[in-house]
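Do keep the model open while you read.

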Amino acid sequence: MKFAVLVFPGSNCDIDCYKAVEVALGETVDYVWHTATDVSQYDCILVPGGFSYGDYLRCGAISRFAPVMSAVAEAAEQGKYVLGICNGFQILTEAGLLPGALLRNRSMKFLCHDTVLKVENNRTPFTRDYAEGEEIVIPIAHGEGNYYCDEETLAELKANNQIVFTYTNNPNGSLADIAGISNKRGNVVGMMPHPERATSNLLGSEDGKRMFTSILNAWRDQHGAASIR
């Protein structure tokens with residue numbers, strides 16, 4: 001399986017994502033610059049956290065126009081896996097690959113600490129190695145993590161089981177305690193917490209590792225290969 005980690009000017013979690021794949025999975029992973037126009041060789045695209053283009057205008061608003069995002073949209077349409085983390089989640093909403101928007105935290109402060117998430121949907125390629133209802137420890141680091149959408153969109157998210165993670169103790173004011181969502185097809189997920197920072201107990205938690213093993217196992221099942229345990 002081949003992973004791509006996108007790199008925008010201002011990305012600062014690209015190395016973390018790269019190392020999560022390299023160390024936790026031992027799979028092929030490449031950095032892909034924001035000017036790239038082809039990601040067809042990759043099976044999963046990771047859109048990392050950071051402050052792409054300095055978060056000017058608003059988070060992700062400039063990045064969504066980067067050449068690589070047209071290629072990411074095409075990959076998502078083909079059913080390939082796309083995971084946006086923190087700023088990556090913001091970029092995916094700005095690009096229209098996920099519904100809703102991320103607003104300033106209710107406290108108007110940058111938050112950086114561990115959070116407890118509840119796995120609401122373990123039937124996605126990103127969460128299959130978790131138990132439904134399981135609580136996991138994943139850190140956050142954001143100033144604009146307050147998820148918002150209109151009532152109609154929220155009803156659709158609930159009806160289609162697109163709410164993937166919720167906070168057990170909402171840190172930022174997110175609507176319905178939402179920490180992560182998927183598209184209707186389930187192959188695109190965005191989340192504000194950082195699973196790539198929770199792949200080893202040396203980092204305080206290894207609960208994020210199963211997001212990456214889930215992706216690999218889903219891909220192996222799709223291609224008739226043995227899953228890892």
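1. Let me start with a pairing: strand E9 (residues 163–167) and E10 run antiparallel to each other and share 3 bridges. Pairing here requires that DSSP finds at least two bridges between two strands. Isoleucine 163 has isoleucine 181 in E10 as its bridge partner. A word on provenance: this is a predicted model, in which local features need pLDDT of at least 70 and side-chain atom pairs count only at pLDDT 80 or more, while totals for chains, interfaces and linings use all residues. Residues are numbered from 1 along each chain as its sequence is written, and side-chain values use heavy atoms, with hydrogens and water left out.

2. E10 also pairs with strand E11 (residues 188–191), again in the antiparallel sense and over 3 bridges.

3. How many residues of strand E10 (residues 178–182) are buried? The count is 5 of the 5, so E10 is largely enclosed by the rest of the structure. For these labels, buried means under 20% relative accessible area, exposed means over 50%, and partly exposed is in between, with a 1.4 Å probe and protein chains only.

4. Strand E4 (residues 81–85) can be described in like terms: 5 of the 5 residues are buried, so the rest of the structure largely encloses it. Tyr81, Leu83 and Ile85 point one way from E4, Val82 and Gly84 point the other way, and all are buried. Strand E3 (residues 44–47) runs parallel to E4, and 4 bridges join them. One of the partners to look at is leucine 83 in E4, which is bridged to leucine 46.

5. Please check two backbone angles. Most residues other than glycine have a negative phi. Cysteine 86 is not a glycine, yet has a positive phi of about 60°; it lies in the loop between E4 and helix H3 (87–94) and is buried, at a relative accessible area of 5%. Leucine 57, also not a glycine, has a positive phi of about 70°. Leucine 57 lies in the loop between E3 and H2 and is exposed, with a relative accessible area of 78%.

6. Tyrosine 53 sits in the loop between E3 and helix H2 (67–77) and is partly exposed, at 22% relative accessible area. Which residues does tyrosine 53 contact, leaving aside its neighbours within four places in sequence? They are Phe8, Pro9, His34, Ile62, Ser63 and Ala66, where contact means heavy atoms within 4.5 Å. From C-alpha to C-alpha, tyrosine 53 and glycine 10 are 5.6 Å apart in space, though 43 residues apart in sequence.

7. Now the whole chain. There are 5 helices and 11 strands, taken as DSSP runs numbered from the N terminus (helices H or I, at least four residues; strands E, at least two). Of the 229 residues, 57% count as buried. Among contacts with a separation of 6 or more, 73% come from residues 24 or more positions apart.

8. Finally, the dimensions. Along the principal axes, the C-alpha atoms fill a box of roughly 45 × 40 × 35 Å.
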